[in-house]
Amino acid sequence: MNPSAANNARFIKLGASGDWETQCIEATPGSIRLGFNNPLHKQCLEGDWDALKDYMLNEQRRTKGKATEITNQVRDFYTLDENTLWITFYRRQLWWCFASPKVTQLKDGTRIRRTLTGWSNKSIGGNDLFVESLSGSLTKTRGFRGTICSVEAFEYLKRRLCDKVLPEVQAARACLDDLHDSLIPLIHGLNWMDFELLCDLIFSNAGWQRIATLGGTEKSVDLDLVSPVTQRRLFVQVKSQATKETFQQYLEDFEGHDQYDEMFFVVHSPRGDASKWTAGCDAKIKVLVAADVARLTVSAGLTDWLIRKCS
């Protein structure tokens, strides 16, 4: 079922501390499950919510406010139809489903509704729904202390699941693309020393530390870098201009050094199609051209530095 057809959405916490998450999400066809153990399954099916509220007040000694809250959550579970979009968070991903309206009571007193097509952790276009890629207006729902609640960011949720981007986001992305493109001529205008310095700053801002002095006496490598966290070594050669043959020479040098884990060949004005130079190479071999450096310059916060350098 397409999320765009949903008429509302609910977040559901699958058990205390997520105890039922694996069982509900990874089983086939999947389910949503409700606790609030009580013997009034028949009354809930019949819509006798006063009976449930009285039970919570008199038998379970709940406060009036808590009894009302629980009754409302149980009512949602029993009465919301198959057009309701259910979401939860599991393994730092958003999961969503539509559920059959039929409510079944299990032997332990909990109730379940089977999903119509299973739980999904991807948009309809197949994109991952990791928590860190979602708006805080939606992910804040994870902090809900109860079991079921409305999703305030309902329209955002539907757009995200349907891979629809807000116009203002599209406009911002277009401006960012324009910025990247505008930096390419500036990068082409750098002399080899300034281009090498820019590359050094980019890698430094990404957390890489230089082992040898920039330039140094080693002919085959311009930047000898190490990750302080993983201790991986990086072989970086920087050229303002280069041919495929030049790249091949440095590739042979890299392969002759056992101490390095990855190689970056950075050139702002390659002769020929540099995207084809690494054909057949291991993934640890990478070629960066001006467009790549422009993107990294923005990401590293070096746009002003580059503009000043070219002014």
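This is a predicted model: local features need pLDDT of at least 70, side-chain atom pairs count only at pLDDT 80 or more; totals for chains, interfaces and linings use all residues.
1. Residues are numbered from 1 along each chain as its sequence is written, and side-chain values use heavy atoms, with hydrogens and water left out.

2. On overall shape, the chain has a radius of gyration of 29 Å, whereas a compact globule of 311 residues would have one near 19 Å (taken over C-alpha atoms; the rule is 2.2 Å times the number of residues to the power 0.38). The C-alpha atoms fill a box of roughly 85 × 40 × 35 Å along the principal axes. Of the 311 residues, 43% count as buried (under 20% relative accessible area; exposed is over 50%, partly exposed in between; 1.4 Å probe, protein chains only).

3. The secondary structure comes to 11 helices and 12 strands (DSSP runs, H or I of at least four residues for helices, E of at least two for strands, numbered from the N terminus). Strand E10 (residues 233-242) is worth a look: 7 of its 10 residues are buried, so E10 is largely enclosed by the rest of the structure.

4. E10 has a partner in strand E9 (residues 223-226), antiparallel over 4 bridges (pairing needs at least two DSSP bridges). Here Leu 223 stands opposite Val 236. The two strands form a hairpin with 6 residues between them, and Gln 231 in the turn has a positive phi of about 65°.

5. E10 also pairs with strand E11 (residues 262-270), in the parallel sense over 8 bridges. The chain crosses from E10 through helix H9 (residues 244-255) to E11 in a right-handed β-α-β crossover (clockwise from the first strand over the helix to the second, with the strands pointing away from the viewer).

6. Now the charged pairs: the whole structure holds 14 salt bridges (a side-chain nitrogen of Lys or Arg within 4 Å of a carboxyl oxygen of Asp or Glu). One of them joins Lys 286 and Glu 262 at 3.2 Å, N to O. This pair links strand E12 (residues 285-288) with E11, 24 residues apart. Glu 262 counts as buried at 14% relative accessibility, while Lys 286 is partly exposed at 29%. Arg 232 joins both in a network of salt bridges.
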